[in-house]
Amino acid sequence: MEGEESLFLVEFRHLERGNWDLRESEERFRRYFELGLIGMAITSVDKRFIEVNDEICRILGYERSELLKKNWAELTHSEDLAADIANFNRVTAAESDGYSLDKRFIHKDGHFIYTTISVKCVRHPDGSVAYFVVLLQDITERWRAERALRDSEERYRQLFESNPDPIFVIEQETLRFVAVNEAAVHGYGYSREELFSLTTNDIWPPGERKAFLEQISESPVDPPRRTAWKHQRKDGTIIEVEITRGPLLFAGRPAWVMLAHNVTDQRILEAQFRQAQKMEVVGRLAGGMAHDFNNVLTVIIGYSDLAIGRLQADEPLRRDMEQIKRGAERAATLTRQLLAFSRKQVLLPAILDLNAVISELETMLRRLIGEDVDLRADLAREAGRIKADRAQIEQVVMNLVVNARDAMPSGGKMTIETQNVDLTEDYTRQHVGVKPGPYVMLAVTDTGVGMDAPTQTRIFEPFFTTKEAGKGTGLGLSTVYGIVQQSGGSIWVYSEVGRGTTFKIYLPRLAGDPRLYQRSNAPTATARGTETILLTEDDDMIRTLASRVLSAHGYTVLEAANGATAILICERHLGPIHLLITDVVMPGMSGRDLVDRLASSRPELKTLYMSGYTDRAVVHQQVLDEKTPFIPKPYAPQALVNKVREVLDESS
């Protein structure tokens, strides 16, 4: 442009009307233009570059000569071009004299440059566009820093919002909530706006507030520590939480960030686990005591029977012996209940229709509960089948009904329900020892006095009762608990003081057609016999009694105090042995092991087991196979000889 009147000079004649020397002004402006720390350009109305300084060349990566051959539109990122042209068109239409915006340019090597531009329109005296002055600043590094900051803030925002635990930011001075996440909104039942109007006093129950305020008044927590508290939801529900708290600055003000992990379900599970452990220990103790006591009762009942048989009906001593026997039989009933609780009693399972069992009991139950109790049976039409001991299930129903009746001394309503249910993983995670799957639910509900929480934690313990002295043994519900557990099920109680109680029992549901329980009406066989019996019993008194009873009924009895002696007797006895009577649990060798040892040498030998309870190692899952002959202790002498005759007369 040398030798010609420069564009600057021409235009500055229009722009500067003062006392400035125009050539000096032009030179000064050119120096500003060339030495500017930001990119500068003069562009035409058709978007071509007319003048550019070194900085804009550096920013865009072009030589001056290259850039003067281009227009700014072709160097603009396609996504930013529409907005740029729209602003440009408003200027050319005289709607404005300029504009500013952030836009991306395309560098010569192809990468994008983030810039901020200011465009000023210079017009001719007639108002037409002469040219545009463009100021351009490279903000790529600033944009990257801002983008990194935005990304970081977004990541933390997502972590904050997506955290499954409630998070609160609390202003230290006012204790108001200034930030909360979605889990806090959901977990506490308040809207976000409601939480912002609250303070910590609104979610800490009165009994916890003072201690919390004392804690946060201490020096800042470093590192953050976890403490246990109770919180109150909007609906009044109290939940247990573990709080992790630490200091931070929020909007320039001291604050606490607090993460609240809800451990209510965990505490419930821990309590259930402790209760289950306690019940297991008590059950083992009760089962062991009942087993040993059954041995004693077997002797008492047996010798009482023998003595009664030798006394005339009018002898005073006979009446005394009958009272002794009656007392022993009552004690035997208690031991059976203890064995039920400890899951050590022998079951005779069959496939049952639970609805049918309840329906058959209904008439008797109505008589049992009295006229002031309204009994309703709501039995699901398609309730599935279960595998259980019918007599024991009847006992469960009876005990629950009696317990419900006693909870309604002034009358009320009682409901017996059955229903098919499928227990999910979520349910089983909240109930210790329960497996997911299909079940038949039996529920007994009353409208009685209900129970408080401490009572509910002990309700299944043996000898625990809330009844007056002399009105209950405290074994009814413990018996129910043991039967249900031994049948592979679970039982749960739901109760509120003054609002009644529901006991829910879940028993595994079977698939397929039922093979329903049939009561046996077979006549009792003749008790006497002449066969040889090998009697194996480690308790001397019981062995002596059984041997005496069997010998008196014509049998030849070979006695063994343990399995090793029984094997030796079989090896030395040259004649046939028709029946082995053996205790299930003996020291050294169990009854099952003894039977297995004798199977090869005496394959024709029949077996009758006896015991106060069966062990898991002997009887699978503590349930005796339906076809295995068994007589429970304590037994009466006549029951023993009848059972022996029955086993001997069965075809092999």
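Arg 104 and Glu 79 form a salt bridge, with their closest N and O atoms 3.1 Å apart. A salt bridge here is a side-chain nitrogen of Lys or Arg within 4 Å of a carboxyl oxygen of Asp or Glu. Side chains of opposite charge can pair when their charged atoms come close. Arg 104 lies in strand β3 (residues 98-106) and Glu 79 in helix α5 (residues 78-92), so the pair ties together parts that are 25 residues apart in sequence. Helices (H or I, at least four residues) and strands (E, at least two) are DSSP runs, numbered from the N terminus.

The model is predicted: local features need pLDDT of at least 70, side-chain atom pairs count only at pLDDT 80 or more, and totals for chains, interfaces and linings use all residues. Residues are numbered from 1 along each chain as its sequence is written, and side-chain values use heavy atoms, with hydrogens and water left out.

Glu 79 counts as exposed, because its relative accessible area is 60%. The cut-offs are these: buried means under 20% relative accessible area, exposed means over 50%, and partly exposed is in between (1.4 Å probe, protein chains only).

How many salt bridges does the structure hold? The number is 29. One of them joins Arg 509 to Asp 422, at 3.5 Å from N to O. Arg 509 lies in the loop between β17 (500-508) and β18 (532-536), and Asp 422 lies in strand β14 (residues 412-423), so this pair ties together parts that are 87 residues apart in sequence. Salt bridges can also share partners, and in this way Glu 79, Asp 80 and Arg 104 are joined into one network. Back at the Arg 509 pair, Arg 509 is partly exposed, because its relative accessibility is 22%. Asp 422 is exposed, at 54%.

Another salt bridge links Asp 406 and Arg 405, with the closest N and O atoms 3.0 Å apart. Asp 406 is partly exposed, with a relative accessible area of 32%. Arg 405 is partly exposed too, at 25% relative accessibility.

Both of these residue numbers fall in the range of helix α13 (residues 390-406). The axis of α13 comes within 10 Å of the axis of helix α12 (residues 354-369), and the two cross at roughly 40°. That angle is why α12 is called oblique to α13. Their crossing is right-handed. Two packed helices are described by the angle between their axes and the distance between the axes. Axes are lines fitted to C-alpha atoms, for helices over the stretch in contact, and angles run from 0 to 180 degrees between N-to-C directions. Angles under 35 degrees count as roughly parallel, over 145 as roughly antiparallel, 65 to 115 as roughly perpendicular, and the rest as oblique. A crossing is left-handed if the near helix is turned anticlockwise from the far one by less than a right angle, and right-handed if clockwise.

Now take helix α18 (residues 563-572) and helix α19 (residues 591-598). Their axes come within 10 Å and cross at roughly 20°. This makes α18 roughly parallel to α19. The crossing of α18 and α19 is right-handed.

Next come residues that are apart in sequence. Asp 374 lies in strand β12 (residues 373-379). Its C-alpha atom is 6.2 Å from that of Gly 412, 38 residues apart along the chain. Asp 374 is partly exposed, at 46% relative accessibility. Arg 226 is in strand β8 (residues 225-232). Arg 226 and Glu 242 are 16 residues apart in sequence, and their C-alpha atoms are 6.1 Å apart. Arg 226 is exposed, with a relative accessible area of 51%.

Lys 47 has phi near 75° and lies in the loop between β1 and β2 (49-52). Ala 94 has phi of about 65° and sits in the loop between α5 and β3. Ala 94 is exposed, at 55% relative accessibility.The last stop is the surface. Leu 37, Ile 38 and Leu 135 form a nonpolar patch there, with about 280 Å² of accessible area together. Patches are made of residues with over 30% relative accessible area and no salt bridge; like charges are joined within 9 Å, and nonpolar side chains (Val, Leu, Ile, Met, Phe, Trp, Tyr) within 5 Å. Accessible areas come from the Shrake-Rupley method with a 1.4 Å probe, and for residues only the protein chains shown count as cover. Leu 37 is in the loop between α2 (22-35) and β1 (39-43). Leu 37 counts as exposed, because its relative accessibility is 79%.
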